[in-house]
Amino acid sequence: MTSSGRTWERLPVLTERRALAYAVTLVFCGIAWWLRLVLDPLFPPGFPYLTFFPAVILASFLFGRGPGIVAGLVCGILAWYFFIPPARTFVLTRSTAVALIFYTGVVTVDILLVHWMQAANARLAAERERSRRLAEHAETLFVELQHRVSNNLQMVGAMLSLQRRTVPDGEAQRAIGDAAAKLQLIGRIQRRLYGSKGEPLALDAFVTALVEDLAASAGRPGIRHAVEAHSALLLPPDRAIPLALIVAEAVANAIEHGFADRETGTILVTVCAEGAQLSLTIRDDGAGVPDSFDVARADSLGLRIARNLAQGMGAELHVAAARPGTLVTLRNIPLDTAAG
């Protein structure tokens, strides 16, 4: 809404200072009378109300229906006494009655039109304020829902971590530990899916925050990380979550395996659009995978999950030696529902 639109909605003014509003209205009537008196020699006979109509409309427009009615009465009396023949009398002839009826009809229509317009503006302003409050309430509920979902997921992950300690089998402990870590990661991702107003976050901010979170959780300050992504790229949550899980798996593998014997290293995450599709790469300069490595035959739970997530998005996942390090590539992520 423009500033001029907001000004119209504030009319009528002086609603809490009615004495001043009526005083200014009488000033309008006096100015209209003075102008009509000064211009009288220039007007042909039959125009007694010419300067009085603007005074009535202006009073109605600025101060509301009451001052408009007062302006109409005062201006009508002034016009009758000074400018309707016989002048300076209140003699009521047939022609005088016709002129007064005409004046009353025009003034009534003017005041009613202004009043209806201001009433409509008041209803519009009230509805806009109601919509604003509803939007704020919906935003608060949305943020609260996001936090609750995230907290519940992380709580389930924490419970699984506790349950792992009671399982004697080592393989089962690892599986439960992986599941707990994934749930807690999804919980953290859930918090980052949207901005403060419920809008999807730009992909560069989302991936950057995710990689920073993963790096901080790893507790390896010597491993540097960087993200290169276009700020205009957006993804809906049904693709952002699997994308984040794949990034998390690749970063975790780089930290755990690629830099297992090193305190320093670099991880670069790149996201770019290729026509109607998105591609993502995670490159590290760590130990790297063997040249014969085939992600389709990998038995790691994390890589199997990443492969299934990529297939669910209709994308292709590749893992190859980069010399040095490892290059993880995710191609052909559809952008048909993303904004870019």
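User: How many cavities of 30 Å³ or more are there, and what makes them cavities?

Analyst: Two cavities of 30 Å³ or more are counted in this predicted model. They are called cavities because each is a set of points, on a 1 Å grid over the protein atoms alone, where a 1.4 Å probe fits but cannot get out. Residues are numbered from 1 along each chain as its sequence is written. As the model is predicted, local features need pLDDT of at least 70 and side-chain atom pairs pLDDT 80 or more, while totals for chains, interfaces and linings use all residues; side-chain values use heavy atoms, without hydrogens or water.

User: What is the space in the second largest cavity, and which residues line it?

Analyst: The second largest cavity holds about 40 Å³, a volume being the space filled by probe spheres set on the points. Its lining consists of Val-211, Ala-215, Ile-223, Arg-224, His-225, Val-251, Ile-255 and Ile-267; a lining residue has an atom within 4 Å of a point.

User: Which elements supply that lining, and how do its residues divide by type?

Analyst: Helix α7 (203-218), strand β1 and helix α8 each give at least two residues to the lining of the second largest cavity. Strand β1 has the largest share, with three. Six lining residues are nonpolar, one is polar and one is charged. Arg counts as charged, so Arg-224 is the charged one.

User: Why are β1 and β2 called paired?

Analyst: Pairing requires at least two DSSP bridges between two strands. Six bridges join β1 to β2 (residues 265-274), and the two run parallel. In one of them, Ala-226 has Leu-268 of β2 as its partner.

User: Why is Ile-186 called partly exposed?

Analyst: Ile-186 has a relative accessible area of 21%. Buried means under 20% and exposed over 50% (1.4 Å probe, protein chains only), so 21% falls in between. Ile-186 belongs to helix α6 (residues 170-192).

Technical notes
Helices (H or I, at least four residues) and strands (E, at least two) are DSSP runs, numbered from the N terminus. On a 1 Å grid over the protein atoms alone, a cavity is a set of points where a 1.4 Å probe fits but cannot get out, and a pocket is an open set with protein on both sides within 12 Å along at least five of seven lines; lining residues have an atom within 4 Å of a point.
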